[in-house]
Amino acid sequence: MTPHRVVYWNIPGHAWMYLPFAILVIVFGYGVYRRYRVWSIGQRRPLGPLRPRLGRLLRHAGLQSRVVKRRMQGYAHVALAVAFGLLFIGTLVVMLNSDFGLPVMQGAFYLWFESFTLDVAGLAGIIALCVFLWRRYGLKPKGLSRQWPDFFVPFSLLVILITGFMLQSLRIYATHDPWGGYSFVGYALASLWGALHLGIPAALVIHRSLWWFHLLLAFSFLAAIPYSKLFHLFTGPLAIFLSEPTRASGLDSPNLETAERLGANFLSDLTVKDLVDLDACTECGRCQDVCPAFASGKPLSPKQLILDLREHAHTRPSEPLQLAIKDETLFACTTCRACQEACPVDIEHVPKIVAMRRFRAMEEGEIPAGLAEAVQGIEERGHPFRGSQASRTTWMDGLGIHEWEPGTPCDTLLWVGCAGAFDPRAQKAARALANLLLSMGEDVQVLGRRESCTGDPARRAGQEYLYQIQAQQNVELLQQVAPRRIVTMCPHCLQQIKNEYRDFGADFEVVHHSEYLSTALITGRISRAAGGKRVTYHDPCYLGRYNGVIDAPREVLAGAGMDLTEMPRHGTDSFCCGAGGGWAFREEGAPRVNRLRAKEAVDTGAEVVATACPFCLNMMSDGVRAEGGAEVQDIAEILWEQVSSTLVKD
Amino acid sequence: MMRVGALVRGDDQSALEVLSLARALGGDAAETYLILAAPAAQHAAAGAARAVVLEGIADADPAQLLAAAQALIGAAPPDVLLIPDGPLFEAVGAQLAGSIDRPAARDVGSVAIEDGRLQIVKGAFGGKAEVTLDAGEGAVLGVRQGAHQADELPQAAPQVLEFAQPAPLLSGRRAVRDASGEDLGRAKVIVSGGRGLGSAEAYRSLREVANLLGGALGASRAAVDEGWASPSQQVGITGQKVAPEVYLAIGISGASQHLSGMSGSKVVIAVNRDDKAPIFAAADVGVVADWQALWPELRRALAGG
Amino acid sequence: MRAIAFVKSILDPEAPPGAIRFDAGKALGDVPQVLGPYEGNALELAVQIAEASQGEFRAVALGGPEQEAGLRKALALGAAQAMRVDVPSGFHDPLDTARQLKAAADALGGADVYLFGRQAGDWDQGVTAGLFAGLAGLPLVPLVQAAEVAGAGLKVRREIAGGYEEGEIAVPCVLSASNGPGTLLRLPKVKDVMLANRKPIELRAGAQSGAGFRVSDLKASVTSRAGRRIEGDLKAQAEGLAQELRRAIPGIGGGA
């Protein structure tokens, strides 16, 4: 006899289940429609090429590559997802068999898939759910809330799985199923019933009532999906699919002359992606765990920001967003993008924050003190360093580096940036970099008086209008200069000229000085040095996370003969120095972000803390000094020190 | 011949300087006017010809000062009227000039009459420059304090005019002394802070320094704009001009208008993290350091002595 | 209430030393023109008075095209009208300036409050408000730190030695604005900046007077000092500085 089981065994009148099923479909459909209605008011953006989006979808949703970054709960999540995926397929098989009359529930397939594999899946699901519950209620991590839906969801899943096994065991017990051993969990339970001497008639009654309970619970659960965070089953992959696949900018460049409103103050000012994000959040709290603003006690948690916006979208969708998000929250963000890097479903927090800042800055003229002065400095003087007594060219006095003149060709253009020109600490780094480039015999030029702020601080502050003016002017100037390549000293300038200026017609070859120097070391145009100190390297957010430049600065340090020790958080998981998003120009109360990061650097025991961004350089210098630690230097300074001392020795 | 006059209030150093300058330019014919706080008698030493007495003008009310000045000058004002630059000029100088249709200038260092034309030298561009002006045939001039010698002046009792004192400029007025209570004008030591300090908290640390050194607490314009210090603490061309024994400038880059305000200091010590800050060019002793890092060390060093 | 703010754009007073050269009676340099800081204070008061009285304010400048920076800012902050009295850039006789501003103000229909900055940071004349008040026969409140509308007049706070004085004044009157937290110029809203860029600035032909002050020389003033530096690490610097302070101020430390 072919191995099989009787579908709907012991369930007379099982056809009644289509009544609750119909209700399920209606409730589910209405829930999806309700969410969709909110998404549909968002601004639509062209999708562009699909390949990178699908690739990301496969990695982040299919393989859950970000979920498993946190090992324990990550693998538990994968187990649960695979388990329910299999169980869902198992249910479809039942449907094929009974509703479509296809005799698939038999033979080896029945034994190995429908019985054995699904038992493994169910057991894995139970273990995963126990891990979840134990983590949330036993370990009580800060990022997880403990309200009733947080308990109800995993608990009801657990009940569904357990009752499933009970049903299986009662059937095996009552029918003396000859193939029961393949359903090993049910089989084990069945022997328990035997040991308890459960009567067959009682088993039948229990089985029948439990079946309906199991069914109704499962249906209720499915119906609840669009009304709970479980909806991430659908919105998660959707949010991943809609996320910016290249990460080049993440900010749009609206036409302000025609915009109906500058920035976002209503849901309809946000993009469809932004609104889908709100429903994709699973409240896992990973964004909050990595947020420098949250860690330093500022009134911003990226998770809470999304939840507050979600609440707003669901309860008062036509009211201004200002009701949901306070200014202190909005302007607390350093735009470091650690949250976006951590989010398993690619929620984009920073573009939302910047969009709302745009409204505050442009429509209402509200920019926090300090930052406002910096922005005004850009407007009036072309740089944000108010009170600086330097000129654009002070830093290069006596270096012998040439200022570009109109009508002359340009090979390598060093874009120094405002920090390199005006900030006393960064000037030293700029000089070291220029010396390195000159020592290579490069035909390197600078724009000098003609250089002007890229507009990055203005854009991050929400002053998009000023930013666009700066961007257009700079792109025009750079097109006129037409250098073969541009080397930037500041990752923020890199981000602008390389990525964000594309919206303004830029298409230049731009590299950060770490990339340029590491190439020069590889090709031997700078000779390697030896005998350096112990160093740790702080990844600037705009270099590492934004531009994926992780290895180059480390290669420069290796080339300088330094001995690298990593901080616990590095690479794309680096922790912000506290300067981003305009904070370099604001007064920050204690505890300061830079102190947190500096402590991490000092704790490595390194003699030198290296970085590759003038803002990080300043923040880390202040922080490390306060933590009583090492020297802080730009990688260019370290390399130049090492190389020039070798030159002297030779 | 140009008629030269001087209008002063009281008989402090700047008044004596201006009276002397008027005599130097106009000789014995110089017309000198004196505004006095009651009682008048002991002010004869100022050597002014005419005087009015104002009751209770401690707060230098502009409307009363202007009325007094107009009464003193009468219908035929001198061609050149010299006034000490400071509160008196601020209150009446330019307005008086406008009312008699004369141009006016302040922060005037030197005054000369050449070929019947007035030549003056005054500061410009926040003290970055000096401009020489051909000031034509008459003007009201605010004379910079300390730019001229105070000579021995003839002793004569001034003729005190009858004067109906008008109501003050503001009704229901209330004078409030600054909470800071700093008297920069008389302080022997001034500790001043600027934008380079970075925060209100850092500025507050200067209070302790001022206490340690027994000095007053001053500020740059930037620190006042940030709200760290009150306006009466501002040192500079448009704030207070100070001349202490020791001026300690912390986190002040040295905008020229600030430098002009403190240029009379005997010893200037500057702390700034920017080694190119112009304050160092105006300081006797410079320390290139971050104040927040230096301060704990300095406190220790001062206590250890 | 109607207010007129007289604004002046000047070579950036925060420009580093040496960035401005003085040559042939002119100040030159690759330095941006910005609204003078005290004129910014005056503009802020004009905005506040117009807002509080539900009135309006206008802005007037005298000079060449370089003056448009300040006037645009005034428009962005809500000025009902902006007017430039067209005279050549550079030094201008202060009495003539006051006369021409008075004529321009009259042409605009006059105002209840005339606002000036206490001193423009280019020629540092600091007399225009007074001359204007004297010509117009109006009371002048010098060095105003804050102003609010009180009935038909204004309640003002003005700087005096060692503190401030508050009281009321009837309009019309002239205020010279000083700096302080109450007069810090607000940021214009970007939407208003964009609109302001499309609004016209009225030109009024300046009268040729020829009389009054003329520049016969302009030169950079020399700063002296430039003393020694205390070098070394923080500790050495602190020791050196303490020593320096002890020498200059007898009897410090030890709670004296």
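Analyst: Between chain B and chain A there is one salt bridge (a side-chain nitrogen of Lys or Arg within 4 Å of a carboxyl oxygen of Asp or Glu). The model is predicted, so local features need pLDDT of at least 70 and side-chain atom pairs count only at pLDDT 80 or more, while totals for chains, interfaces and linings use all residues. Residues are numbered from 1 along each chain as its sequence is written, chains are lettered from A and ligands numbered from 1 in the order in which they are written, and side-chain values use heavy atoms, leaving out hydrogens and water.

The salt bridge joins the side chains of Asp290(B) and Arg625(A), with 3.7 Å from N to O. One residue pair between chain B and chain A is in polar contact, with both residues at pLDDT 80 or more (N or O atoms within 3.5 Å; within protein, one must be able to donate a hydrogen and the other to accept it, and residues adjacent in sequence count only if both atoms are side-chain atoms). The side of chain B that touches chain A has seven charged, three polar and three nonpolar residues. Here Asp, Glu, Lys and Arg are charged, Ala, Val, Leu, Ile, Met, Phe, Trp, Tyr, Cys and Pro are nonpolar, and the others, Gly among them, are polar.

Contact (heavy atoms within 4.5 Å) links 13 residues of chain B to 13 residues of chain A. The buried area comes to about 1,100 Å², 42% of it given by carbon and sulfur atoms; buried area is the accessible area (1.4 Å probe) that two parts lose on being put together, summed over both. Within chain B, the residues that lose the most area to chain A are Arg195(B), Arg273(B) and Lys276(B), which together account for 42% of what that side buries.

Now the other side. Chain B puts 89 residues in contact with 84 residues of chain C. These two chains bury about 7,200 Å² between them, with 58% on carbon and sulfur atoms. Of the area that chain B buries against chain C, Phe125(B), Lys128(B) and Leu170(B) supply 11%, more than any other three residues.

Four salt bridges are counted between chain B and chain C. Glu165(C) and Arg173(B) form a salt bridge, and their closest N and O atoms are 2.7 Å apart. Helix α3 (residues 87-99) of chain B gives the largest share of the side that touches chain C, namely eight residues; helices (H or I, at least four residues) and strands (E, at least two) are DSSP runs, numbered from the N terminus. By class, the side of chain B that touches chain C divides into 48 nonpolar, 22 charged and 19 polar residues.

One residue of chain B can be followed in detail. Ala135(B) sits in the loop between β7 (129-134) and β8 (139-143) of chain B. Ala135(B) counts as buried because its relative accessibility is 2% (buried is under 20% relative accessible area, exposed over 50%, partly exposed in between, with a 1.4 Å probe and protein chains only). Leaving aside residues up to four places away in sequence, Ala135(B) touches Leu118(B), Ile120(B) and Phe213(C). Arg117(B) is 18 residues away from Ala135(B) along the chain, yet their C-alpha atoms are separated by 6.9 Å.

Most residues other than glycine have a negative phi, and most peptide bonds are trans. In chain C, the bond from Val171(C) to Pro172(C) is cis, with omega near 0°. Pro172(C) belongs to the loop between β11 (163-169) and β12 (173-177) of chain C. Leu143(C) has a positive phi of about 55° although it is not a glycine; Leu143(C) is in strand β9 (residues 140-150) of chain C and is buried, at 8% relative accessible area. In chain A, Lys140(A) is not a glycine either, and its phi is positive, about 45°. Lys140(A) lies in the loop between α4 (107-139) and α5 (148-175) of chain A and counts as partly exposed, at 49% relative accessibility.

Chain A itself has 26 helices and nine strands, and 57% of its 650 residues are buried.
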